[in-house]
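This report covers model confidence, nonpolar packing and ring contacts. The sequence and structure come before the details.

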Amino acid sequence: MEPRRHAAAIVAVLALLLAAPAMGQSALTARQAEALAAYDRALGDFKSILAERRRQIEAKQPLPNLPGQALYLARVAVISTYKDITDAMPSRIGRRNKFEIPPAYFDADIEPLVDEYGKLFDIMEAPPASAQDSPTPFKDVVDLAVAIARAKGLAPEHAETAGRISLGLFFAETNGKQNVRNARSNTYMGSFQTGPSEDRNGHRKWEAIKGDIAAIDPGLSARDDREEARARGTDHRFNHWTNVRDGLMNAHAELFREIPGIVKTLPDPIDQMKLFELIQIVPTPTRSALKSGDLLNYRVSSPTIMKHLRNNSIFAFGQADRARTSASYREILAAMWLFNRKFERAMAKYAEIRPR
C-alpha cells in the first residue's frame, strides 16, 4: 500500500474508534435517553437543595416551613428516576449499597449525598430544649408494650412479641431517636410521632387500664406516676415515656389482641412490624384486611390510600410502581423494603434488651 493511502486508512480507523462512544450514545432509545436526562435533573436538584439547607443552617438563617419536605421529595425523585433507568437499561443495575436499598433503585456512588441528607434531618428534627429524655428509651418501649399487651389478656410469649413489634415502630417512626420534632409536618411530634388529638386519645385509654397495669407490674406503674408528674404542664409528646405510652394506646393496643393470629399468618418478625407500621400509615384498610380472614390477598384500590402509601415510600419509586392503582397486602408488605434496615436494627436492639 502506498504511504499516503496507508496513512489515510489509519486516519479512517482512528476516526471510527473516536466516534464509537458517540455512536453508542445515538443508539439509545428515546425511553433510555429520557430516563438518563430525568435522573441527571433529579440528581442536580437533590444536590442543590442539600447545599441550600446546609448553607441556611450554617448561616443560622430562618428555615422555610416544613424544611425537610423539599429534601424528602428530591430524594424520592432521585431513587425514582434511577429505577426508571434500570427498568429501561437493566445493565445499569450496580453494586450493593450500605443503606440496603435494592441496587435497581440506587446508585451506590451517591451514598455521601444520602449521608448528608440524614445529617440535615438530625439537625432540623432535634428535640426542643424542654424535651424530657429517658436514659433507657428502648427498654421503655418494650416494657410499656409488654405491660399493655398483658393487660389486654395476651400470654407472656405474645406479649413479648408486642414488645418487639413496638420497638420496630419506634425505629420506623424516628430511627430510634427520642423526642424528635418533624421536618415534614407541623402536627406529628415525639418518639412515636403523634398529633395532639392522638396523644390525648391515647392518654384517655391509658387511664382506663391504669388499674390493670398496676396489678400486673407495680414497678412500671410507679415509673408512670413519676413520668406523669414530670410531664405535667408540658406537651406530653416531648416526654419520651408518655409519648410512647399514649402512642401505643391510641393506635396499637387494641390490635395487640390480634397478635396470635398475626404471627400465624406472618411468621417473619419483620413482616409483623410492617403490618403494625401500616396501622400508623393506613389504619382503616389495614384493620379491614385483618378482619377479612385473608390478610395477604386483601386488596386496596382507593386513590387516597395509594397516595398515603406513596407518601410513606411505598410504591413511590419509578413510573411502573407509581402507575399502580391497587395492591394486595402481600404486595404492600413486599414494597416496604425501605423499612427493612430500620426493623433489622430494632431486632438487634430487642435482642440486647431481652436476651434469651
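## A buried aromatic pair

In this predicted model, phenylalanine 170 and phenylalanine 192 are both buried. The two form a stacked aromatic pair, with 6.5 Å centre to centre and 15 degrees between the planes. Phenylalanine 170 belongs to helix 6 (residues 156-174), while phenylalanine 192 sits in the loop between helix 6 and helix 7 (196-216), so the pair ties together parts that are 22 residues apart in sequence.

Phe170 and Phe192 also belong to one aromatic cluster with Phe138 and Phe171. The structure has 14 aromatic pairs.

## Charges over rings

Arginine 184 lies over the face of tyrosine 72, at 3.5 Å from the ring centre. Lysine 83 lies over the face of tyrosine 105, at 5.1 Å from the ring centre.

## Nonpolar cores

The largest nonpolar core has 61 residues, of which Leu167, Phe256, Leu278, Leu309, Ile314 and Ile332 touch the most other members. Helix 5 (residues 137-151) supplies the largest share of this core, nine residues. Another core, of 35 residues, lies apart from it and includes Leu43, Tyr72, Tyr105 and Leu338.

Neighbours within four places in sequence aside, isoleucine 314 is in contact with Leu278, Ile281, Leu309, Ile332, Ala335, Met336 and Phe339.

## Confidence

The chain has a mean pLDDT of 92, and 93% of its residues reach 70 or more. Residues 1-25 have pLDDT below 50, and this stretch has one contact in the model beyond near neighbours in sequence. Where pLDDT is low, predicted coordinates should not be read in detail.

Definitions and conventions. Residues numbered from 1 in each chain as written. Predicted model: local features only at pLDDT ≥ 70, side-chain atom pairs only at ≥ 80, totals over all residues. Heavy atoms only, no water. pLDDT = per-residue confidence, 0-100. Contact = heavy atoms within 4.5 Å. Core = buried A, V, L, I, M, F, W, Y, C linked by side-chain atoms within 4.5 Å. Buried < 20%, exposed > 50% of the residue type's maximum accessible area, 1.4 Å probe, protein only. Helix = DSSP H or I, 4+ residues; strand = E, 2+ residues; numbered from the N terminus. Phe/Tyr/Trp six-rings, centres within 6.5 Å; stacked < 30°, edge-to-face > 60°. Lys NZ or Arg CZ within 6 Å of the ring centre and 35° of its normal.
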